[in-house]
Amino acid sequence: MTQTRVLSVSHAKAPFERTTIQRRELRPHDILIDIKFSGICHSDIHSAHDEWGGGIFPMVPGHEIVGLVEAVGTEVTKFTVGDRVGVGCFVDSCGECEYCLKGEEQYCTKGVVQTYNSRDYDGNPTYGGYSQKIVVTEGFVVGIPDVLDMNIASPLLCAGITTYSPLKHWNAGPGKKVAIVGVGGLGHLAIQYAHAMGAEVTVLSRSNDKKDEALELGADQYFATSDPATFTALASHFDLILNTVSANLDVDSYLSLLRVDGTLVNVGAPGKPDQYNVFSLLMGRRSIAGSLVGGIRETQEMLDFSAEHGIAPKIEIVHADQVGEAYERVLRSDVRYRFVIDVSTL
Ligand code: NAP
Ligand code: ZN
């Protein structure tokens, strides 16, 4: 067993405290990772505040993990000591169902084991990346390309793959008109992926505050949703809308922006259900969909794609004792665009 320092919350909305936990003894396929950086995803806040229900406390959030391989189990072949590696939202799956076999472990029929706020197949709670060390089976560890700094790579492990995967699945590319709703941790990466894939990219943000940066990131146009004229100007315009917003939206307004056969894909995950009028779908054979992160093979592909296309998150590094304050700032949208914890400060 390896003792490790962590940042944990004892119950929903509790302040973070420094404690220690034990990571399991290395099994033959396990890797012990010395964590260097851990991103702060809005899902960490939803979870630590128990907005989705069923939270397992005490909780150690964090699923944008990057570090160095410190030790490997006897049968590990994928990595060796010293390799730069990452772990995202999942740490195990059954490996046998049709989705696991397709490399879409996130939809495992047995239930994927999430990096934290979940239970492994032995029933033990999982603890995430706000931690100095973690033990993960090699199949759920990815390699970080040399050109990506470890702190920059960290948000790609969730925010990157969560936006790359649906853009690819719904064929964002040349000739497609794609809207990205919300310019946060996910949204600012989605703009870069959709642009690199060749789509015409429109950003829909509440205000004009992020306009210059969104255009620099690759947006072709930018509209403020606080201006009702936006919804008339863009009526029936998009093939695909990727909603990255952490709160409920007026879904009918966004559906009205889709062309016939267009799709509104939700990756944002507010705690309360959305509402919409079914006529917003009928009138244009439109679809509403959702997408959960992405599989391990696609995560590696996304990292390589990011390295190749120079795609990188804009980050602000915080210390372990600033995480509570960082949560407050994310809730105020006062972050450009992702906080990353320097784990050496733990
Ligand atoms: P974030 O950094 O807080 O960004 C969310 C953005 O949504 C904000 O920057 C803001 O953009 C917009 N927004 C916030 N509150 C709003 C409101 N009340 N009305 C309208 N727009 C609002 O969060 P994130 O880390 O990118 O995560 C976004 C969501 O995705 C969260 O719900 C998270 O749990 C979810 N998520 C889902 C998956 C998945 O697998 N599906 C994976 C990761 C995260 P503007 O200022 O530009 O309007
Ligand atoms: Zn996340």
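Mentor: One term to begin with: contact means heavy atoms within 4.5 Å. In the protein, residues 24 or more positions apart account for 67% of the contacts with a separation of 6 or more.
Trainee: What kind of model is it, and how are things numbered?
Mentor: This is a predicted model: local features need pLDDT of at least 70, side-chain atom pairs count only at pLDDT 80 or more, and totals for chains, interfaces and linings use all residues. Residues are numbered from 1 along each chain as its sequence is written, chains are lettered from A and ligands numbered from 1 in the order in which they are written, and side-chain values use heavy atoms, with hydrogens and water left out.
Trainee: How many helices and strands are there in the protein?
Mentor: The protein has 11 helices and 17 strands. These are DSSP runs, numbered from the N terminus: helices are H or I with at least four residues, strands are E with at least two.
Trainee: And how much of the protein is buried?
Mentor: Buried residues make up 55% of the 346 residues. Buried means under 20% relative accessible area, exposed over 50%, and partly exposed in between (1.4 Å probe, protein chains only).
Trainee: On to the metal. Which residues coordinate the zinc ion (ligand 2)?
Mentor: Cys41 (SG), His63 (NE2) and Cys158 (SG) do, at 2.0 to 2.2 Å. Donors are N, O and S atoms within 2.8 Å of the metal (3.2 Å for Na, K and Ca); water is not among the atoms, so sites may look incomplete.
Trainee: Where do Cys41 and Cys158 lie?
Mentor: Both are in loops. Cys41 lies between strand 3 (30-40) and helix 1 (42-48), and Cys158 between helix 3 (150-153) and helix 4 (159-169), so the pair ties together parts that are 117 residues apart in sequence.
Trainee: Is Cys41 buried or exposed?
Mentor: Cys41 is buried, at 3% relative accessibility. Cys158 is buried too, at 4%.
Trainee: Switching topic. Where does Ser93 lie?
Mentor: Ser93 is in the loop between strand 6 (90-92) and helix 2 (98-101). It counts as buried, at 9% relative accessibility. Leaving aside neighbours within four places in sequence, its contacts include Cys100, Tyr121 and Phe140.
Trainee: Last one. What about His169: buried or exposed?
Mentor: His169 is exposed, with a relative accessible area of 55%. His169 lies in helix 4. From His169 to Arg27 is 35 Å in space, C-alpha to C-alpha, and 142 residues in sequence.
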